[in-house]
Amino acid sequence: MRRKVMFSIIIPVYNCDKYLPRCIDSILVQKYQDYEIILINDGSTDNSKTVCDEYIKKDKRVKVIHKNNEGVSKARNDGLSVAKGKYICFLDADDYLSGNYFKEVEKIFLSLIHISEPTRQAEIS
């Protein structure tokens, strides 16, 4: 049985071939590796489709949906419909992440779980 990934990173793509590689590369170099990247090519007329397709070949965690232009909100919703992650992260194609972004987010989540556990135990008792 395939386990669920921790993070689904959804990136709407529209005419951003100049910025997209930096965005995707900033994710792929993360020390934390439990994620999938979902690129939603929303009808780009530049070289974005080619850039997306190149990253599918580079890393199996990259998924691409090519579609007609319907806007960024619809693109994000299309990404949500295929996301397998426990948590969702939205990035714009001109954004990029620091090297430990997901490791730091995971630490925060785990600390919140530990904080809330005694409260849950008290409610059960």
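Guide: pLDDT is the predictor's confidence in each residue, on a scale from 0 to 100. You need it here, since this is a predicted model: local features need pLDDT of at least 70, side-chain atom pairs count only at pLDDT 80 or more, and totals for chains, interfaces and linings use all residues. Residues are numbered from 1 along each chain as its sequence is written, and side-chain values use heavy atoms, with hydrogens and water left out.

Visitor: What pLDDT does the protein chain average?

Guide: The average is 89, and 87% of the residues score at least 70.

Visitor: Where does pLDDT stay under 50?

Guide: Start with the general idea. Where pLDDT is low, the predicted coordinates should not be read in detail. Here pLDDT stays under 50 over residues 120–125. The model gives that stretch 0 contacts beyond four places in sequence. A contact means heavy atoms within 4.5 Å.

Visitor: How many helices and strands does the protein chain have?

Guide: First, the rule. Helices (H or I, at least four residues) and strands (E, at least two) are DSSP runs, numbered from the N terminus. This chain has 4 helices and 4 strands. Read from the N terminus, their order is β-α-β-α-β-α-β-α.

Visitor: What share of the contacts with a separation of 6 or more joins residues 24 or more positions apart?

Guide: The share is 80%. Val 29 and Gly 99 are 70 residues apart along the chain, but their C-alpha atoms are separated by 6.7 Å. Val 29 sits in the loop between H1 and S2.

Visitor: Is Val 29 buried or exposed?

Guide: Buried means under 20% relative accessible area, exposed means over 50%, and partly exposed lies in between (1.4 Å probe, protein chains only). Val 29 counts as exposed because its relative accessibility is 60%. Across the chain's 125 residues, 38% count as buried.

Visitor: Which residues touch the most other members of the largest nonpolar core?

Guide: A nonpolar core is a set of buried Ala, Val, Leu, Ile, Met, Phe, Trp, Tyr and Cys residues joined through side-chain atoms within 4.5 Å. The largest one here has 25 residues. Ile 9, Ile 11, Leu 20, Ile 27, Ile 37, Leu 39 and Leu 91 touch the most other members. At least two residues each come from strand S1 (7–13), helix H1 (20–28), strand S2 (35–42), helix H2 (48–58) and helix H4 (101–124). H1 gives the most, with 5 residues.

Visitor: Which residues of H1 are buried?

Guide: They are Leu 20, Cys 23, Ile 24, Ser 26, Ile 27 and Leu 28. Their cover includes S1, S2, H2 and strand S3 (62–67).

Visitor: What is Leu 91 in contact with, leaving aside its neighbours within four places in sequence?

Guide: Leu 91 meets Ile 9, Ile 10, Ile 11, Pro 12, Cys 23, Ile 27 and Leu 97.

Visitor: How many salt bridges does a search of the whole structure find?

Guide: The idea comes first. Side chains of opposite charge can pair when their charged atoms come close. A salt bridge is a side-chain nitrogen of Lys or Arg within 4 Å of a carboxyl oxygen of Asp or Glu. The search finds 10. In one of them, Arg 61 and Asp 59 have N and O 2.6 Å apart. Arg 61 is buried, at 15% relative accessibility. Asp 59 is buried too, with a relative accessible area of 15%.

Visitor: How far apart are the closest N and O atoms of Lys 18 and Asp 17?

Guide: They are 3.8 Å apart. Lys 18 counts as exposed, at 68% relative accessibility. Asp 17 is buried, at 17%.

Visitor: Which residues are linked in a network of salt bridges?

Guide: The network links Asp 42, Lys 67, Glu 70, Lys 74 and Asp 78. Take Asp 78 and Lys 74, whose side chains meet at 2.7 Å, N to O. The two are about one helical turn apart, because they lie 4 residues apart in helix H3 (residues 72–82). Asp 78 is buried, at 15% relative accessibility, whereas Lys 74 is partly exposed, at 35%.

Visitor: Where is Asn 15 placed?

Guide: Asn 15 is in the loop between S1 and H1. Look at its backbone: phi is positive, about 50°, although Asn 15 is not a glycine. Asn 15 counts as partly exposed, at 30% relative accessibility.
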